Amino acid sequence: MASPTIRALLARPELKLRLATPEEDVGPGALDATVRWVHSSDLLDPTPFLAGGMVLLTTGTQFHDSGDSPKAYAAYVKRLARSGMLGLGFGTEVVRDGIPDALIAACRDARLPLWEVPYDTPFIALARANAEALAAVAYERRTWALEAQRAVAVAALRPDGLKAMLAELARRLGTWVGLVDADALLHEHPGGGVDADAVTDLQHHAGTMLVRGVQATSGATVAGRDFQLQTLGQRGRLRAVLAIAADELDEQQRAVVTTVVAMAALALEQRQDLELARDALAAGVLEALTRGDVALAASVAAASGSPLPAAPVVVAVADERLASVGGAGRWLDTRGVAVLHAQRGGDLVMVLTEEDAPLVDELVLRHGGTVGVSAPARLDALAEALVQARTARERRTGPVTRFADLPGAGVLTLLDGPQARAVARAALEPLARHDEEQGTELVPTVAAWIAADCSHDAAARALGVHRHTVRARLTAAQELLGQDLATVAGRAQVWAALRAAGLLD
C-alpha cells in the first residue's frame, strides 16, 4: 500500500491528478510529507478550521469576486502556508475551467504544491484514498510492533536475556541502544556504536536522572547526536537508564520500548539479587584466601564462573568513599580481566594480577577515593598482602599508594598503622599504669635504654640518674611486662611496642 503522501496521491492513476507546480518549485520534501487528513473548503480564510499536516481541496468559489487579481490569490496562499498546509488541490470545471494563473504563481512563490483535480474525480475519492493509506500504514506499524514485542520477549528467555533484549531492540529500531548508569556503560548494541566521550556524557545524564529517583523520559543531544533516555526501575529504586540514539520515536516504537523497559527493569531487579549473592560469595572466597585455603577459594571461584586471577597478584584496599560507589565493582567486571573484589570491614578489597594493577589507578581517576596497593604476592600469602595494602593506604602519598614505593618499605612499616599502635599501647599499659600510680619513670627509662642500644651507662647519662637506678627500673619493668629483657626476643618485643607507640624514632 502506498504511503499517505501527496506524491502517493498523484501517483494513483484512477484519481487522474496533475501537479500544476513543478516539483523543483515546491519546498524540499513537501511531496513526501505524511498527509494526516484531506479537507475541502471554499472559504476565503479556512485556516481557523485547519491543522498542520493536512491538504486542502477547493473549487475556487471564494475567488468569484476577485477575478484574476494576483493580490487576492497571494494573500490566500500565504494564509494556507502559515497554517501548516502541505498542499492545495484545485477542482476544475466546477466554477471555472483550469487553474487560475494567479493561483499557480502564488503557490510557486510560497513553494506550496498545487495540483489539478479533474471534474470527474470527486474530492471524497482523494479523502478515501488517503484514509486507506493511513489505515494501511497504521496496520503495518501495529503489526511491526507486535512482531517486535514478540521478538523481544523471546530474547528475554535466553541465558543472557537482558543483553539479548537490547540487541533485539537495536535491530528492530535500526539504531544504537545502550544501558548506562552513572558509573558505566553496562550493555550496548551494536558494540562501539558511540565513542568514549559520548558514553561519558550519557553517564552524566543518566546519573542526573537516577539521582532524582523518579521514573522519567528525557531527550539529550550528545556530541551532535540525539538520544532518547528512559529510566528503568521503580520510583526510589531506579537501576539504570536505557539510551536510544534517535531524535524521536513514533507511537509504535514507543510501545516496543515500553515493553523492553518493563522487562529490562525486572531483569535488573533479578540481577541485583544475583549481584548480592555474588558479593557474598566473593567475600567468602576472599576470607578463604586470607586463611591460606587457596584450593577451596579457587574451587568456589571457578564454580561461580569468576576464576581467581593468576599469581603473582596484588591486593588493593580502597577507603569507604570508593567502597560506597555501587558501580565500582560493575566497572571492574566490565574490564574483561580476572579480578576478585569484595567488601571487607567497610573497605573494598580487590585482588588482581600484577599486570592488571594499573586498573586501580583508572578506577580512582574515575570514582575518586584513596587506595593502597600491596607488593606482588602469591595467593597463599594474601593475608600479608592485605596488611601491606592497608598500610600503604594509611600512609598515603597520593590517591593510589603502593607499598613498594613507601619510604623504607618493609617489615618496619607494619608498625606504623593504627592496629600496631593499639597493640603497642596495650603491651606498654602495665608500665604506664605503674608510673601513674607509683610516680615512677619506667616507660622513659626502658625507652632510653633501648635507644642506647641496651647500655645501662648510656641510658643513665641520658636520664641523669645512676646506672644502678636504671638497672632497678629495668628489673621492675621486666616483671610488669612479662618479657625477659636479657634475650633478643624480649628486647625486640619491647622495642617494637615502643616504636609503634611513637616513643622511639
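How many salt bridges does the count come to by the rule used here? The count comes to 18 salt bridges, where a salt bridge is a side-chain nitrogen of Lys or Arg within 4 Å of a carboxyl oxygen of Asp or Glu.

This is a predicted model, in which local features need pLDDT of at least 70 and side-chain atom pairs count only at pLDDT 80 or more, while totals for chains, interfaces and linings use all residues. Residues are numbered from 1 along each chain as its sequence is written, and side-chain values use heavy atoms, with hydrogens and water left out.

**View 1. The salt bridge between Arg7 and Asp32.** The closest N and O atoms of Arg7 and Asp32 are 2.6 Å apart. This pair links distant parts of the chain, with Arg7 in helix H1 (residues 6-11) and Asp32 in the loop between S1 and S2, 25 residues apart; helices (H or I, at least four residues) and strands (E, at least two) are DSSP runs, numbered from the N terminus. Arg7 is partly exposed, with a relative accessible area of 34%, and Asp32 is partly exposed at 44%. Here buried means under 20% relative accessible area, exposed means over 50%, and partly exposed lies in between (1.4 Å probe, protein chains only). Arg7 and Asp32 also belong, together with Glu23, to a network of salt bridges.

**View 2. Salt bridges of Asp45 with Arg79 and of Glu168 with Arg172.** Side chains of opposite charge can pair when their charged atoms come close. The side chains of Asp45 and Arg79 meet at 3.8 Å, N to O. Asp45 lies in the loop between S2 and S3, whereas Arg79 lies in helix H2 (residues 70-83), so the pair ties together parts that are 34 residues apart in sequence. Asp45 has 36% relative accessibility and counts as partly exposed, and Arg79, at 21%, counts as partly exposed as well. For Glu168 and Arg172 the N to O value is 2.9 Å, and both residues lie in helix H5 (residues 161-173), four residues apart, which is about one turn of the helix. Glu168 counts as buried at 9% relative accessibility, while Arg172 is partly exposed at 31%.

**View 3. An open sheet of five strands in the order S1-S5-S4-S3-S2, with mixed pairing.** Strand S1 (18-19) and strand S2 (37-40) stand at the edges, each with a single partner strand, so one side of each is left without a neighbour in the sheet. Two strands are said to pair if DSSP finds at least two bridges between them. S2 and strand S3 (residues 54-58) pair in the parallel sense over four bridges; Val38 has Val55 of S3 as its bridge partner, and Ser40 stands opposite Leu57 in S3. S3 and S4 likewise pair in the parallel sense over four bridges, with Phe90 in S4 as the bridge partner of Thr58. Five of the five residues of S3 are buried: Met54, Leu56 and Thr58 point one way, and Val55 and Leu57 the other way. Helix H4 (residues 123-156) lies across S2, S3, S4 and strand S5 (114-117) and runs at about 165° to S2, where axes are lines fitted to C-alpha atoms, for helices over the stretch in contact, and angles run from 0 to 180 degrees between N-to-C directions.

**View 4. An open sheet of five strands in the order S12-S13-S11-S14-S15, also with mixed pairing.** Its edge strands are strand S12 (339-344) and strand S15 (400-402), each of which pairs on one side only. Neighbouring strands of this sheet are turned by 20° against each other on average, direction ignored. Strand S11 (residues 313-318) and strand S13 (residues 347-353) pair in the antiparallel sense over six bridges, and Leu352 in S13 is the bridge partner of Val314. Helix H12 (residues 382-394) lies across S11, S12, S13, S14 and S15, running at about 45° to S11.

**View 5. Thr370 in the loop between helix H11 (358-367) and strand S14 (371-373).** Thr370 counts as buried, at 9% relative accessibility. Not counting residues up to four places away in sequence, Thr370 touches Val317, Ala318, Asp319, Arg393, Arg396, Gly398 and Pro399, where contact means heavy atoms within 4.5 Å.
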